[in-house]
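I opened this notebook to record what I looked up on strand pairing, domains and the ligand site. The entries follow the order in which I made them.

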Amino acid sequence: MYNFGAVKIIIIGSGLAGIAIAERFMAARCDVTVLSNTAQASSTAISTGMYNPLVFRRLNLSWMIQDLLPEIHSFYGSIEEKLAIPIKEPIEFARRIPSQDYHHLWEKRGREKPLSTYMGPIKDGYGTVKHAGMLDCTLLKVQYERYLRAENRLIDRSFSFDELSFKDGQVCIAEGNFDLVVFCDGPYATQNPYFNWLPFKLCQGEWIIIQTETPLTSRVLNNKVNVIPMGENRYKLSSSYGWETLDWQPQEEAKKDLLRGFEDLFDVPFTIIEHRAALRPTVSDRRPYLGRHPEHRSLAIFNGLGSKGVMLAPYFSKHLASHLLEDTPLMPEVDIKRHLKRFRHANEG
Ligand SMILES: Cc1cc2nc3c(=O)[nH]c(=O)nc-3n(C[C@H](O)[C@H](O)[C@H](O)COP(=O)(O)OP(=O)(O)OC[C@H]3O[C@@H](n4cnc5c(N)ncnc54)[C@H](O)[C@@H]3O)c2cc1C
């Protein structure tokens with residue numbers, strides 16, 4: 001690959017988006033710095049980290065899964081090697097078959113290609129899902145930040161938009177001048193004056209961990225929630241989707257919903273061990289946001305990973321890095337140009 005060593009880039013944010021794009025730029029030998037407040041709440045730190053090739057409602061393949069899966073394996077695999085930590089593991093995953101109709105649909109779809117690659121037989125009232133897995137996002141974030149710190153590439157503080165100025169085609173902040181700033185600020189992007197014209201539709205996500213007296217399942221079970229075995233009779237119930245209360249604090253209502261999903265499957269005593277919440281950077285058309293600012297070409301964004309950051313970050317970080325460094329075209333579905341009218345509208349008044 002061409003040596004981009006002279007390109008000075010600063011990435012704002014060290015969640016899945018920031019980590020992925022940092023890796024891509026480093027692979028291209030750019031001069032990379034990440035600025036992030038590592039103590040701040042983030043989506044990645046709370047993420048359950050599952051990747052699932054199926055959309056259960058109508059039993060379709062998840063968007064672009066055949067392109068995304070190979071990148072998931074190679075990208076997280078290379079980070080595991082680089083940081084010498086295990087972060088990704090395949091899971092035994094099973095979807096509850098709630099009705100005869102769904103049973104027929106599962107069997108029909110399970111015979112169709114390419115769906116059959118990802119669907120297994122129905123066993124004990126659950127359809128088997130193949131090629132699903134789990135990424136330890138909390139460990140990845142902490143260890144990647146540690147790596148950046150050791151490499152002298154991390155500025156650990158809050159970034160304020162007042163400090164940003166432009167000079168001779170570069171962006172200036174307190175720590176120096178950069179050719180490119182890539183905002184990977186996740187749900188905080190709604191407060192980003194350069195990109196808040198994009199239609200974010202944030203979503204609060206929560207999970208709880210419960211402990212039971214006896215073992216329930218060794219597989220991850222999906223019904224209204226995922227019941228994820230964590231060892232020692234502990235199960236994570238994940239996750240809720242709250243569109244009204246947008247808060248980083250756990251809500252009583254979400255807890256009730258998660259427990260209802262669990263109690264649909266098991267009638268056993270349990271105690272609640274932990275309850276956590278975060279915001280997901282979800283967007284109105286459920287496709288990521290990639291691209292340069294329409295006027296300030298030295299500012300770019302990688303965001304909108306929504307509820308599928310683990311699946312989307314590897315493939316689309318590569319796609320964006322290639323666009324920013326080599327000017328390759330972006331897929332129209334992910335290019336922020338699709339919302340250009342909103343930018344113009346926001347700047348008219
Ligand atoms: C409960 C829950 C469960 C989930 N489960 C899954 C799952 O199973 N599978 C899946 O694929 N996805 C899941 N997700 C979604 C996934 O977590 C997100 O898609 C992903 O983490 C988004 O990453 P991000 O880097 O865009 O945002 P974030 O992780 O929020 O990162 C944003 C970063 O920007 C930094 N930042 C922002 N503004 C500033 C500033 N001004 N100064 C300094 N730093 C700043 C923050 O500190 C943070 O480091 C889940 C999310 C939640 C909440």
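Entry 1, strand pairing. I took two strands to pair if DSSP finds at least two bridges between them. The model is predicted. With that criterion I looked up β21 and strand β22 (residues 299-303), which pair in the antiparallel sense over 4 bridges. Within this pairing I noted that L290 has F302 in β22 as its bridge partner.

Entry 2, the sheet. I then asked in what order the strands of the open sheet run. The order is β11-β2-β1-β15-β22-β21, with 6 strands and mixed pairing. I recorded β11 (154-155) and β21 (289-292) as the edge strands, each of which pairs on one side only.

I found the protein chain divided into domain 1 (8-45 + 138-199 + 286-348), domain 2 (50-135) and domain 3 (203-280). The centres of domain 1 and domain 3, taken over C-alpha atoms, are separated by 31 Å. I looked up the contacts as well: 6 residues of domain 1 touch 4 residues of domain 3. On the domain 1 side of this contact I listed 2 nonpolar, 4 polar and no charged residues.

Which residues come nearest to the ligand? Of the 42 residues around the ligand, they are G13, G15, G186, G205 and G309. Among the elements that give two or more residues to this shell I noted α1 (16-27), β16 (203-212) and α7 (309-326). By class, I recorded 16 nonpolar, 22 polar and 4 charged residues in the shell. Domain 1 and domain 3 both contribute residues to the shell, so I placed the ligand between them.

Notes:
Residues numbered from 1 in each chain as written. Predicted model: local features only at pLDDT ≥ 70, side-chain atom pairs only at ≥ 80, totals over all residues. Near = placed C-beta within 6 Å. Nonpolar A, V, L, I, M, F, W, Y, C, P; charged D, E, K, R; others polar. Domains from an automatic or database assignment. Contact = placed C-beta atoms within 7 Å.
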